[in-house]
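This briefing covers a two-part reading of the structure shown below. Please keep the sequence and the 3D view at hand while going through the points.

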Amino acid sequence: MSGVRVLVGTRKGAFILTADGKRERWKVEGPLFAGWEIYHLKGSPVDTNRIYASQSTGWFGQLVQRSDDGGATWAPVGNEFAYEGVPGTHQWYDGTPHPWAFSRVWHLEPSLDDPDTVYAGVEDAALFRSSDGGATWQELAGLRQHGSGAQWQPGAGGMCLHTIVLDPSRPERMFIAISAAGVFRTDDGGATWHAMNRGLRSDGVLPDPEADVGHCVHRIALHPARPEVLYMQKHWDVMRSDDGGASWFEVSGNLPSDFGFPIEVHAHDPETVYVVPIKSDSEHYPPEGKLRVYRSRSGGHEWEPLTRGLPQENCYVNVLRDAMAVDRLDPCGVYFGTTGGQVYASADEGDGWTAIVRDLPAVLSVEVQTLP
Amino acid sequence: MSGGGRGPERAVPPSARNSETPGETSTVRIALPEHLRTLAQVDRELELDVHGPVTVMAVLDVLEREHPVLRGTILQHDTRRRRPFVRFFAVGRDLSHAPLEAELPEAVVSGLEPLVVIGAIAGG
């Protein structure tokens, strides 16, 4: 029988949660890499035994771990992320030039067709690729050397490249998102990049609210069957693009707040989308103390709250940008983790939720592997 | 973790004074913090054979050669400087701000005392 493996990165280690296809009884393993911040773990879509993990601390820096046996054992691989050439400067919070400096890997995105190829989104914002299973990393410097690079400025969490979306229909096309620069797309495998932020508005944040770059994009997602449609949770606003990111329009609709971090698309329906509204950028918790996932069945605009099994009073946790994922079973399972250490699962497309675990360290990321 | 010794530097027997001759090899003890011991898959102090002058940099060069997983965790990859929240102690002294190329105290050179690497108390 098929099953799922949920990969959870937290402030103090990684956890692996497994269940069979019913997704009712869970086995919890961990902490792995105890005491380290695990910003992200993700498995190869073509080899479920291959998993990469980003491991870091402020004391001892960055490591990348790799498992070739589904998370049973791990080995450190390469951890040298050297910017190509003289890195130059980007803008600091006060607008002064600030030297580009590597601090951590936020996101690891394994290739869609080669387990040994994996992309890393790092802070300060840059994209790296390894084609030897993580042993060595090379910067795709065309992104950082985009003409606007010197104008990029960090968001509150640092100037991070936090989202990497691969287009399954066009191997040379990839989207990335940077806080607080925006979305960029390459159509030539990473050599050249174009800002893809038309239609985004950042009122009160940017001198020109519709500037080409400078938008605080929190996450983007697409459905592999319809990769020209992208969904975005921006700092404020939930957005959609129907033309591969060339233009965006708002689909926040009736959400109680259009601020939030994650956004995810149903595994089998490109029009079904999930977000977790958060009250505001200064109050990083759900509106009214009620933890609600909102689901749209219409690609945005119209949203329904999903509350069964989720705390509906006195809940003041956050759900971070990489902390939501879907499995590929039928019905589609949906998962998310909170800064309060809960990992919630729904085996029925979000209709009902149960907590797999409740007391982990703050959850930074959640990914799901659907096992054969 | 094995301590770095807070007392005065110990007397060193003449036979142990082997760093003064260029090219000689010293067996140096190094104590790592728990996270780095876990990475290196060691559960106690290490002994490293350091050729020539015994400096922090020379000791770390040998450490990284024998345990490549530690590259980038103590010294930064690009600058080869100490990571900000890493500290070096020996014979009860904080050597963190001394040049990495400065020769270590004789008690460390002779193996009587370890070079202690610690994660600074920071961040709550």
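How many helices and strands make up the secondary structure of chain B? The model is a predicted one, and in it chain B has three helices and five strands.

**Chain B**

- Read from the N terminus, the elements of chain B follow the order β-α-β-α-β-β-α-β.
- Chain B has 124 residues, of which 33% count as buried.
- Taking the contacts in chain B between residues at least 6 apart in sequence, 67% are between residues at least 24 apart.

**Contacts between chain B and chain A**

- On the chain B side, 13 residues are in contact with 10 residues of chain A.
- Helix H1 (residues 34-40) of chain B supplies three residues, the largest share of the side of chain B that touches chain A.
- That side of chain B is made up of five nonpolar, six polar and two charged residues.

**A four-stranded sheet in chain A**

- Strands S18, S19, S20 and S21 of chain A form an open sheet in the order S18-S19-S20-S21, with antiparallel pairing.
- S18 and strand S21 (249-250) of chain A are at the edges and have a single partner strand each, so one side of each has no neighbour in the sheet.
- Five bridges link S18(A) to strand S19 (residues 230-234) of chain A, in the antiparallel sense.
- A:Val217 has A:Lys234, in S19(A), as its bridge partner.
- Opposite A:Arg240 stands A:Phe249, in S21(A).

**Nonpolar cores**

- The largest nonpolar core contains 110 residues.
- Those with the most contacts inside this core are A:Val8, A:Ile176, A:Tyr335, A:Val343 and A:Val366.
- Leaving out residues up to four places away in sequence, A:Tyr335 touches A:Val6, A:Met324, A:Ala325, A:Val343, A:Tyr344, A:Ala345, A:Val366 and A:Val368.
- Another core, of 32 residues, lies apart from the largest one and includes B:Ala58, B:Val59, B:Ala107 and B:Val116.

Key
Residues numbered from 1 in each chain as written. Chains lettered and ligands numbered in written order. Predicted model: local features only at pLDDT ≥ 70, side-chain atom pairs only at ≥ 80, totals over all residues. Helix = DSSP H or I, 4+ residues; strand = E, 2+ residues; numbered from the N terminus. Buried ≥ 20, exposed ≤ 12 C-beta atoms within 10 Å, placed from the backbone. Contact = placed C-beta atoms within 7 Å. Nonpolar A, V, L, I, M, F, W, Y, C, P; charged D, E, K, R; others polar. Pairing = 2+ DSSP bridges. Core = buried A, V, L, I, M, F, W, Y, C linked by C-beta atoms within 7 Å.
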